[in-house]
Amino acid sequence: MATLIPVFGDQLSHGLSSLAGQDKKACVILMAEVDEETEYVPHHKSKMVYILSAMRHHADDLRSAGWTVDYVKLTDAENSGSFTGEIARAIERHKVSALCVTEAGEWRVKAMLDSWPDRFDIPVEIRPDDRFLCTHAEFESWTKDRKQLRMEFFYRDMRRKSGLMMNVDKPEGGQWNFDAENRKPAKRDFAMPKPLHFAPNAVTQDVIQMVESRFAGNIGDTAKFGFAVTREDALRQQKHFLDHALPSFGDYQDAMLTGEPFLWHSILSPYINSGLLDPLDLCRAVEVQYRAGKVPINAAEGFIRQVIGWREYVRGIYWHAGPEYVESNALAATRPLPEFYWTGKTDMHCLSQAIGQTIEHSYAHHIQRLMITGNFALLAGLNPKEVHKWYLAVYADAYEWVELPNSLGMSQFADGGMLASKPYAASGAYINRMSNYCSHCRYDVKQRTGPKACPFNALYWEFIARNEVKLRKNPRMAMPYKNWERMTDADKVALRAHAQQFLEKLG
């Protein structure tokens, strides 16, 4: 009789809680590629290649470490198409007496795990996922008696708990946050570091062929696939970032340049979120670089804030808000997602750049997501659930627990301010300030109406006018509404009419 340990595609960690303290000879690890995971949104081809290849390589690593691994491929003739179906088949194959699994990362998977005790009539142990710094109970305790759940204050608690970038009980450098130093536009730099490219080996080539055949109609191109699919290669990319990109990461983390999809970003989020890299170990390595005088404080603090601050915070919000969070639509946005989100074919150069590189690489950095694709969706009143499904589908690092609060909360303000203190809405002026996109665009960022006017400009003021009842009382929106009030009635009418004409053409 054996204990069956299911391992999912976001649990590719040797230190997984379900493996801790187990007798390897008395256990069977089950890993399965199933239709219910590959088809619940139309995933980017490269995202699927990354996850499935990383799973296959991780299975080999587990076997090398002495575990018995039962691996079911998507194309196996007997594959049931669901995790629960594969558990049932594995119980029969291995005479299983008990199940042990690390808790789910998403609500839909949690519902599946919760059904297993009744479904299989054997003991099911669900262990906490200890790869996170903040437990569910700790986050719920933090939310109590707070009128606003702001990340900045949560982040300070995580700094204290982890000891990262702390000087005894004070923040290193005398302040918690150096974000004001991290908003510099970038110029083209031919010495700009490039992330490592990992040529697909035979295992990955097999996955690519299967994905291209089985999911031919999905978004994306695997021709330039170069993600790491092993922990060893993910660690190589981590070292490359620490040595070459981290020193300038802080200064230029919000910058955007035509033809430069990566700039000084780490490209480590797919590996962190799937489990190949340990986030706390990574943050400690960043701190070592700072303490050694190799990187400035704004770079080290800015990166660590994204991981132990923002990443942990959005996970807490996801579980705190509940499964109904996905239906949030505080601004009553209903417009369908335009076709160009899937093709990148639009005259708006900033959008064509952000979406084009998404199609090519299954990657865009956080400002491209928030202030280009997300900002347009917010201004145009796109349905936030459709926006969420798009982000979940197209990015290699997207799992619902991390993507949903970022898209519905931070990007679309669909939760009414639970997560973000204000809508992240901006006209073309912001894009022009933080990028060189506007200089390559057929539209003129300085014009607000007329055939050459940047669509973001009129859309911004239409958004302000359309949502006045819901947003005017927000203290962080006081200045936009004062500026709106200063406009003449004729200017207001012209801006809103121009925006409506654009939206009508949008469909």
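Are Arg 131 and Asp 129 buried or exposed? Both residues are buried, where buried denotes under 20% relative accessible area, exposed over 50%, and partly exposed the range in between (1.4 Å probe, protein chains only). Arg 131 and Asp 129 form a salt bridge whose closest N and O atoms are 2.9 Å apart, a salt bridge being a side-chain nitrogen of Lys or Arg within 4 Å of a carboxyl oxygen of Asp or Glu. The structure is a predicted model, in which local features need pLDDT of at least 70 and side-chain atom pairs count only at pLDDT 80 or more, whereas totals for chains, interfaces and linings use all residues. Residues are numbered from 1 along each chain as its sequence is written, and side-chain values use heavy atoms, with hydrogens and water left out.

The structure holds 34 salt bridges. One of them joins Arg 93 to Asp 70, with the closest N and O atoms 2.6 Å apart. This pair links distant parts of the chain, Arg 93 lying in helix α3 (residues 83-94) and Asp 70 in strand β3, 23 residues apart; helices (H or I, at least four residues) and strands (E, at least two) are DSSP runs numbered from the N terminus. Arg 93 is partly exposed at 38% relative accessibility, while Asp 70 is buried at 14%. Lys 184 forms a salt bridge with Asp 251, the closest N and O atoms being 3.4 Å apart. Because Lys 184 lies in the loop between β7 (170-171) and α7 (202-214) and Asp 251 in helix α8 (residues 231-252), the pair ties together parts 67 residues apart in sequence.

Strand β2 (residues 27-32) is largely enclosed by the rest of the structure, because six of its six residues are buried. On one side these are Cys 27, Ile 29 and Met 31, and on the other Val 28, Leu 30 and Ala 32. In a regular strand the side chains alternate between the two faces of the sheet. Strand β2 pairs in the parallel sense over four bridges with strand β1 (residues 2-6), and likewise in the parallel sense over four bridges with β3 (residues 69-72); pairing requires at least two DSSP bridges between two strands. Ile 29 is the bridge partner of Ile 5, and Leu 30 stands opposite Asp 70 in β3.

The largest nonpolar core has 157 residues, and Met 31, Tyr 313, Tyr 341, Leu 351 and Phe 376 have the most contacts inside it. Such a core is a set of buried Ala, Val, Leu, Ile, Met, Phe, Trp, Tyr and Cys residues joined through side-chain atoms within 4.5 Å. Helix α11 (residues 297-321) contributes the largest share of this core, 14 residues. A second, separate core of 22 residues includes Leu 4, Leu 30, Ile 87 and Ile 122.

Helix α15 (residues 384-394) is mostly covered, with eight of its 11 residues buried. Among the elements covering these buried residues are α2 (45-64), α13 (349-361) and α16 (400-411).

Arg 159, in helix α6 (residues 151-162), is buried with a relative accessible area of 1%. Leaving aside residues up to four places away in sequence, the contacts of Arg 159 (heavy atoms within 4.5 Å) include Glu 172, Trp 176 and Glu 301.
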